[in-house]
Amino acid sequence: MSEYKYDEESVKALIVWAKSTSFPQQVKLSEAEDIYDVERYVQANLSDIDAHYPDAFYNPAITRLYRLKECIEGNER
């Protein structure tokens with residue numbers, strides 16, 4: 001697991017990735033995390049970031065996108 005960055009440039013890059021990536025319908029992030037509608041999951045997190053960034057209270061929305069990115073990119077290899 002990499003260390004996540006919450007600075008403006010890093011978050012903007014993550015948002016660009018989330019808006020330009022094709023997602024599968026479902027993803028299993030962990031033993032306890034099954035995402036059944038990945039598009040909705042991404043949109044919900046992007047909405048939180050858009051409405052509240054840079055409020056650190058909402059950093060978990062950014063973290064969720066980073067984790068999804070790791071999962072998606074890990075499966076492509």
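Predicted model: local features only at pLDDT ≥ 70, side-chain atom pairs only at ≥ 80, totals over all residues.
**Entry 1: extent of helix 1.** I located helix 1 at residues 8-20, which gives it 13 residues. From its first C-alpha to its last, the helix reaches 18 Å, close to the 18 Å expected at 1.5 Å a residue.

**Entry 2: start of helix 1.** I then looked at the residue D7. At the start of helix 1, a side-chain oxygen of D7 comes to within 3.3 Å of the backbone nitrogen of E9.

**Entry 3: faces of helix 1.** Which residues of helix 1 are buried? I listed S10, V11, L14, W17 and A18. Viewed down the helix axis, these buried residues fall within an arc of 120°, so they line one face of helix 1. On the face turned away from the buried side, I found the exposed residues E9, V16, K19 and S20.

**Entry 4: packing against helix 2.** I next turned to helix 2, which covers residues 38-52. Helix 1 and helix 2 pack at an angle of about 150°, and their axes are 11 Å apart. Angles over 145 degrees count as roughly antiparallel, and the angle therefore makes helix 1 roughly antiparallel to helix 2. I recorded the crossing of the two helices as left-handed.

**Entry 5: a cis peptide bond.** Where does P54 lie? I found P54 in the loop between helix 2 and helix 3, the latter being residues 59-76. The peptide bond from Y53 to P54 is cis, and its omega is near 15°.

How values were computed:
Residues numbered from 1 in each chain as written. Heavy atoms only, no water. Helix = DSSP H or I, 4+ residues; strand = E, 2+ residues; numbered from the N terminus. Expected span 1.5 Å × (residues − 1). Buried < 20%, exposed > 50% of the residue type's maximum accessible area, 1.4 Å probe, protein only. Arc of directions from axis to C-beta. Polar contact = N/O pair within 3.5 Å; in protein donor to acceptor, adjacent residues only side chain to side chain. Axes fitted to C-alpha atoms, helices over the stretch in contact; angles between N-to-C directions. Parallel < 35°, antiparallel > 145°, perpendicular 65-115°, else oblique. Left-handed = near helix turned anticlockwise from the far one by under 90°.
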